[in-house]
Amino acid sequence: MISRTAVVYQVYVRSFLDGDGDGVGDLTGLTAGLDAVVRLGVDAVWLTPVYRSPQADHGYDVADHRAIDPLFGDLDAFDALVAAAHARGLGVVMDLVPNHVSDQHPWFVAARAGGPERELFHVRAQPNGWRSMFGGSAWSRLPDGAWYLHLFAPEQPDLDWSQPRVQEDFASTLRFWLDRGVDGFRVDVAGGLAKDPSYGEVRRGGPHPHWDRPEVHEIYRSWRRVLGPDVLAVAEAWGPPDRTAAFARADELGQAFAFEILRTPWSAAALRRTVDAQLAAHRAVGALPAWVAGNHDVARVATRLGPERALALHLFLLALPGAFYLYAGDELGLPDADVPPEAWQDPQSLRSGGRLPNRDGARVPLPWTSGERVGFTTGEPWLPVPAAWSGYARDRQEADPASTWSVLHRALAARSALWTVDDLAWEPAPPGVLVGRRGGAVVVLNASSRPCPLARLTPGAVVARSDSHADPAVVSPSECVWVRAGA
Ligand code: GLC
């Protein structure tokens with residue numbers, strides 16, 4: 001069972017470790033890399049989708065929810081991964097994609113040919129004005145001229161969740177993976193499943209025609225009955241804190257990502273506002289937030305904030321009540337790679353003609369060993385790895401006590417024993433500085449441009465700090481420090 005305050009390591013499977021030399025990370029690679037995950041000190045791994053898929057959106061277009069794509073391995077390799085993870089005390093979280101399927105899914109293939117499976121999708125004689133998240137209309141044509149809905153790429157037709165067959169099939173999928181020992185699910189596009197039956201246009205006020213509709217919560221209540229109380233589920237839902245926290249109700253998914261942090265500027269006041277809003281919204285439903293500093297859909301945190309602030313933000317979020325989801329590669333302080341346009345793979349940027357951000361930069365394979373080939377694969381990596389990334393290699397960082405990896409490693413080792421109470425109280429602090437107390441421990445974040453003497457803020461012993469070169473008596477600008485409060 002994965003606790004609600006666990007640290008979950010998000011593995012973008014394609015880019016973690018390649019076991020067979022084809023240049024794409026896979027399940028054998030991930031299994032081989034688990035000892036490194038354990039050394040880092042997290043509680044569980046979340047795998048981005050490894051189901052059978054034509055990979056039009058890198059696995060978020062699923063053709064068979066109960067099969068592994070040969071690109072990543074097979075069910076035996078999956079079972080071996082779960083066994084190896086459990087043997088090391090790591091939980092395993094799958095990425096579930098319920099909003100849409102691949103256009104190669106047997107249901108859509110039959111629907112396209114005019115079969116009764118059409119009723120499992122949103123097929124209409126005329127499109128409406130809904131827009132795709134990847135740009136353009138959310139409707140494309142079937143060969144006979146009818147239109148089908150896709151909130152993402154045309155290769156990702158949306159399912160009609162009012163259909164009992166869709167609901168029953170997903171319940172079977174949940175049971176299938178639970179029977180294989182999976183400990184949790186990250187739910188992709190959690191807010192999108194219910195659509196306005198009259199396909200009304202987007203308007204201000206009133207429920208949105210396809211985001212966070214009241215009916216979507218009924219779906220997750222039915223899932224929770226299948227999952228039982230102990231299986232972790234976390235909602236990928238973007239929006240205001242009260243709307244996203246609604247998915248974290250105990251009889252629904254139980255957790256929801258606090259994505260607002262990703263859009264919060266580097267300022268003590270703004271960070272405090274976001275944290276307070278997330279905590280309040282989650283507390284109102286009896287839950288705690290799932291904090292994130294990055295994922296495979298946004299620019300890497302080291303690029304968004306710069307390396308020092310990125311590491312400070314990690315320590316700050318790790319000190320808050322709730323869970324933390326660590327995006328693989330952020331423990332190495334990786335920046336976004338500058339992927340040349342001719343190597344772009346992300347449908348979001350390709351389809352929007354570069355208007356929407358390119359997500360490839362945050363998805364580049366990880367450097368394992370210093371040296372020319374960085375150890376990810378014996379073949380050609382699916383996205384080019386910058387030569388300079390040898391400097392970020394895991395082996396080098398594990399050997400250097402001042403590296404990003406080592407700072408996080410020490411913090412993760414101290415985390416659960418230090419932050420034992422769920423309350424967070426802000427204490428008086430100079431402008432630009434946050435001092436948050438949880439029982440006998442205090443987190444200090446210096447978002448100002450001036451060093452701040454530690455003794456003046458809080459007495460006690462420093463347990464972890466984001467700047468290993470800093471003067472021990474001060475909290476440097478852009479630094480986060482954990483203190484065990486003195487008597
Ligand atoms: C989620 C995923 C993203 C994917 C989209 C469509 O936002 O995180 O990577 O493109 O859903 O499934």
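This is a predicted model: local features need pLDDT of at least 70, side-chain atom pairs count only at pLDDT 80 or more; totals for chains, interfaces and linings use all residues.
Reader: Where is His-58, and how do you know whether it is buried or exposed?
Author: His-58 sits in the loop between β3 (51–52) and β4. Its relative accessible area is 6%. Buried means under 20%. Therefore His-58 is buried.

Reader: What about Val-374: where is it, and is it buried or exposed?
Author: Val-374 lies in the loop between α10 (347–351) and α11 (394–398). Its relative accessible area is 5%. That is under 20%, so Val-374 is buried.

Reader: Back to α2. How do you know what span to expect for this helix?
Author: Helix α2 covers residues 75–87, which is 13 residues. The rule is 1.5 Å times one less than the number of residues. That gives an expected 18 Å. From first C-alpha to last, α2 reaches 18 Å, close to the expected value.

Reader: Which residues of α2 are buried?
Author: Ala-77, Phe-78, Leu-81, Val-82, Ala-84 and Ala-85.

Reader: What makes these buried residues line one face of α2?
Author: Look down the axis of α2. The buried residues fall within an arc of 165°, so they line one face of the helix. An α-helix has 3.6 residues a turn, so residues three or four places apart point the same way.

Reader: What is on the face of α2 turned away from the buried side, and what covers the buried residues?
Author: The face turned away carries the exposed residues Asp-76 and Ala-87. The cover over the buried residues includes α1 (27–40), β2 (44–47), β4 (64–68), β5 (91–96) and α4 (164–179).

Reader: What makes α9 a largely enclosed helix?
Author: Of its 12 residues, 9 are buried, so α9 is largely enclosed by the rest of the structure. The buried ones include Ala-310, His-314, Phe-316 and Leu-318.

Reader: How do you know that the length of α9 agrees with expectation?
Author: At 1.5 Å a residue, α9 (residues 307–318) should span 16 Å. Its end C-alpha atoms are 17 Å apart, which agrees.

Reader: Why is His-296 called buried, and where is it?
Author: His-296 is in the loop between β12 (290–292) and α8 (301–305). Its relative accessibility is 1%. The limit is 20%, so His-296 counts as buried.

Reader: Which side chains make polar contacts with the side chain of His-296?
Author: Tyr-60 does, at 3.1 Å. Asp-297 does too, at 3.4 Å. Among the residues that His-296 touches are Gln-10, Tyr-12, Arg-186 and Tyr-327.

Reader: How do you know whether Asn-128 is buried or exposed?
Author: Its relative accessible area is 12%. That is under 20%, so Asn-128 is buried. Asn-128 is in the loop between β6 (123–124) and β7 (139–141).

Reader: What does the side chain of Asn-128 reach?
Author: It makes a polar contact with the side chain of Trp-139, at 2.6 Å. The side chain of Asn-128 also reaches the backbone oxygen of Tyr-199, at 3.1 Å.

Reader: Why is Ala-473 called partly exposed?
Author: Its relative accessibility is 48%. Buried is under 20% and exposed is over 50%. The value falls in between, so Ala-473 counts as partly exposed. Ala-473 is in the loop between β18 (460–465) and β19 (474–475). It touches Cys-452, Pro-453, Leu-454 and Ala-455, not counting residues up to four places away in sequence.

Reader: Which domains does the domain assignment give?
Author: It gives domain 1 (7–100 + 164–407), domain 2 (106–149) and domain 3 (423–485).

Reader: How many residues does the contact take from domain 1 and from domain 2, and what area is buried between them?
Author: The contact takes 21 residues from domain 1 and 14 residues from domain 2. Together they bury about 1,500 Å², 65% of it on carbon and sulfur atoms.

Key: Residues are numbered from 1 along each chain as its sequence is written. Side-chain values use heavy atoms; hydrogens and water are left out. Helices (H or I, at least four residues) and strands (E, at least two) are DSSP runs, numbered from the N terminus. Buried means under 20% relative accessible area, exposed over 50%, partly exposed in between (1.4 Å probe, protein chains only). The arc is that of the directions from the helix axis to the C-beta atoms. Contact means heavy atoms within 4.5 Å. A polar contact is a pair of N or O atoms within 3.5 Å; within protein, one must be able to donate a hydrogen and the other to accept it, and residues adjacent in sequence count only if both atoms are side-chain atoms. Domain bounds come from an automatic or database domain assignment. Buried area is the accessible area (1.4 Å probe) that two parts lose on being put together, summed over both.
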